[in-house]
Amino acid sequence: MSQEVNSGRRKFIVSTGAAAVVATGSFAGCSDSGSGNSAPAPKFTYGVASGDPLADRVILWTYAKADGSNATIPLTWQVATDAGFNNIVSTGRVDATEANGFTAKVDATGLTVGTDYFYRFIGDQNTFSPVGVTRTLPSAAATTVKFAVFSCSHYAEGFFNAYDAASKSDAQFALHLGDYIYEYGAGPTQYGNVDAVRLNRVPVPATDIVSLADYRTRYAQYRSDPNLQAVHAKMPFITVWDDHEFTNNAYVQAAQNHNPATQGDWNVRKANASKAYHEWLPIRTPDPANLLKIYRSFNFGSLFSLHMLDTRIEGRDRQYDDFGDADGGVTRYISAITPNASGVTLDSTRRMISTTQQQWLASQMAASTATWQILGNQDIMARMWIPFSVAQFFSGPNANPTLGGAAIQTYLTAKATRAAGGAAALTPAQAALLNPATNPRLPYNLDAWDGYPTQREAILQNVKAQGKRLVVLSGDSHNGWCTNLTTLAGERIGVEFAGASVTSTGFESAGLGALGSSLDGSALVPQLGNAAIGAGLGLIDDLNYADTIRRGYLVMTVTAASVRAEYVYVSTVKATAYTTVVGRTITVSAAGAMTYA
């Protein structure tokens with residue numbers, strides 16, 4: 001993201017229904033694995049996790065290391081249908097080695113579709129990891145799936161209350177859409193560190209992370225958080241990275257927050273970051289020979305196919321707003337999207353994802369017979385275009401919040417007038433305001449898909465040609481959004497849901513938190529009633545809902561008839577005591593109708 005929009009904490013006990021299993025001692029039926037006790041006894045400091053579930057398997061993860069020793073730790077892993085591990089259905093051996101930072105991952109196979117399981121790791125001295133709960137993907141007969149969606153979890157910003165809330169929910173799976181960690185050091189002026197000392201959440205190491213050891217240390221700090229451990233132990237995760245798992249505003253060739261003179265070769269840093277990611281996340285690596293390739297698909301029965309994209313590292317060209325232009329790259333963007341005499345635009349060759357990944361996505365959707373196609377995507381895909389009459393007062397040489405507020409009111413009044421009385425009710429000045437030819441719309445974030453409009457259009461046109469029902473889930477922006485996904489001609493192809501961040505500040509950090517109701521048009525409810533909700537009457541035509549203040553996560557419920565998004569917000573991230581509220585529930589039917597509650 002472009003410079004980031006300049007009752008008590010519980011012990012880690014894994015809930016298993018009515019009972020709780022505290023995995024610290026011996027269990028009935030467990031004994032020494034038979035390989036001897038020569039290896040030192042490990043500690044499972046960072047709990048357990050599972051991820052990338054398929055119909056018959058799931059990745060299991062842990063960290064195991066002996067105090068004061070770098071010796072390899074042999075482990076036995078077990079998967080059972082019961083919390084007491086009386087019915088073990090899959091088991092095997094895996095090592096936690098220094099070469100992998102003492103993390104251990106295994107693909108537990110031979111499981112049954114649509115089934116809940118318990119799992120654990122055991123050291124050769126009968127030392128036990130915590131117990132985790134996981135599950136395989138549902139069968140074709142499944143009628144509903146519920147999952148949580150997270151993004152942007154900055155440790156220094158505050159407590160991971162959203163993870164805690166989700167771990168107590170009835171979500172079956174979790175998606176993390178990126179910025180699982182942040183790369184910044186401990187400097188008090190660095191992004192997100194304002195309350196770090198007070199909250200005892202100062203980043204380690206103290207500098208921006210660059211080396212493999214740095215990245216491992218930062219992941220360890222994040223995974224020390226009991227709320228993050230709890231949610232990992234409660235449900236399998238499907239994850240993808242964004243930029244901060246590497247560094248801010250990364251792209252293939254470089255990054256905004258990477259200085260080769262002081263931080264070395266960018267490709268070396270990418271290799272370090274990707275290795276640590278694969279070590280610490282329960283991800284099934286699609287290509288062990290290429291750790292930078294993580295796009296992949298999952299089929300949730302006949303309900304939906306989930307396609308996890310990498311819009312950051314694998315194929316992205318440099319952002320328009322990364323060249324240091326005084327206007328933030330707007331002129332560069334406009335020049336690139338303006339056709340030349342032959343009707344060709346400079347933007348036509350630019351990529352957010354590689355051509356290979358784009359073709360892979362098209363083929364995956366074409367092969368899927370599921371009711372819904374869902375994209376797990378890092379950056380906002382919708383056209384987040386703001387009229388120039390307003391945008392000019394919020395950045396650049398004409399920045400003036402007072403004039404900006406007046407411009408917003410004038411623009412919304414014009415929209416309300418047209419909604420109530422039609423185009424004939426508009427004054428000439430209002431008609432000019434609502435005409436893109438005289439008041440052009442400009443994207444507010446060129447690091448998002450708005451900065452890669454030609455490729456976005458190609459993807460949406462492909463979805464249209466295939467006749468698929470499209471839902472996009474997005475992160476990165478730190479705010480809650482629901483938008484229509486429209487072509488450049490204005491035809492709706494799908495719907496996008498973007499959840500608020502776990503902790504990272506959004507528009508409110510720049511003094512723009514109050515803009516939400518103007519952006520989505522809900523500010524017009526007093527004049528127009530509930531008809532203003534989801535009617536495109538805000539500053540952004542395609543925006544149906546916005547929350548630009550709160551932190552939280554999404555709960556998605558998918559059936560053959562509909563996809564429902566619940567925007568869950570936590571009351572605070574600055575204290576461990578918190579409450580939750582559902583700020584808005586939005587449902588899109590298979591026929592495309594949207595309802596709001």
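Two strands pair if DSSP finds at least two bridges between them. Helices (H or I, at least four residues) and strands (E, at least two) are DSSP runs, numbered from the N terminus. This is a predicted model, in which local features need pLDDT of at least 70 and side-chain atom pairs count only at pLDDT 80 or more, while totals for chains, interfaces and linings use all residues. Residues are numbered from 1 along each chain as its sequence is written, and side-chain values use heavy atoms, with hydrogens and water left out.

Start with strands E19 and E20. E19 covers residues 480–486 and E20 covers residues 492–498. The two run antiparallel, joined by 6 bridges.

Contact means heavy atoms within 4.5 Å.

Strand E10 (residues 145–150) runs parallel to E11, with 4 bridges between them. Phe-150 stands opposite His-176 in E11. E11 spans residues 173–176. Phe-173 and Leu-175 point one way from E11, while Ala-174 and His-176 point the other way. All of these are buried. Buried means under 20% relative accessible area, exposed over 50%, and partly exposed in between (1.4 Å probe, protein chains only).

The peptide bond from Val-204 to Pro-205 is cis, with omega near -5°. Asn-200 sits in the loop between E11 and H2 as well. Asn-200 has a positive phi of about 60° although it is not a glycine. At 65% relative accessibility, Asn-200 counts as exposed. Most residues other than glycine have a negative phi, and most peptide bonds are trans. Phe-102 also has a positive phi, near 65°. Phe-102 lies in the loop between strand E6 (88–96) and strand E7 (103–108). At 6% relative accessibility, Phe-102 counts as buried.

Now turn to helix H3, residues 226–234. 8 of its 9 residues are buried, so H3 is largely enclosed by the rest of the structure. Among them are Leu-228, Val-231 and His-232. Asp-225 caps the N-terminal end of H3. A side-chain oxygen of Asp-225 lies 2.8 Å from the backbone nitrogen of Asn-227.

Aromatic rings come next. Rings of Phe, Tyr and Trp (its six-membered ring) pair if their centres lie within 6.5 Å; planes under 30 degrees apart count as stacked, over 60 as edge-to-face and the rest as tilted. The whole structure holds 25 aromatic pairs. Trp-61 and Trp-280 form a tilted one, 5.7 Å centre to centre with 45° between the planes. This pair links distant parts of the chain, 219 residues apart: Trp-61 is in strand E4 (residues 58–63) and Trp-280 in helix H5 (residues 266–280). Both are buried. Phe-300 and Phe-304 form a stacked pair, 4.3 Å centre to centre with 10° between the planes. Phe-300 and Phe-304 are buried. Ring pairs also link a cluster that includes Phe-150, Tyr-155, Tyr-222 and Tyr-553.

Charges meet rings too. The charged end of Arg-120 sits over the ring of Phe-85, 3.9 Å from its centre. Arg-332 does likewise over the ring of Phe-323, at 4.0 Å. The cut-offs are these: NZ of Lys or CZ of Arg within 6 Å of the ring centre and within 35 degrees of the ring normal.

End at Ser-562, in strand E23 (residues 562–570). At 18% relative accessibility, Ser-562 counts as buried. Residues that Ser-562 touches include Trp-372, Thr-587 and Ala-590, not counting residues up to four places away in sequence.

Note on methods
Polar contact = N/O pair within 3.5 Å; in protein donor to acceptor, adjacent residues only side chain to side chain.
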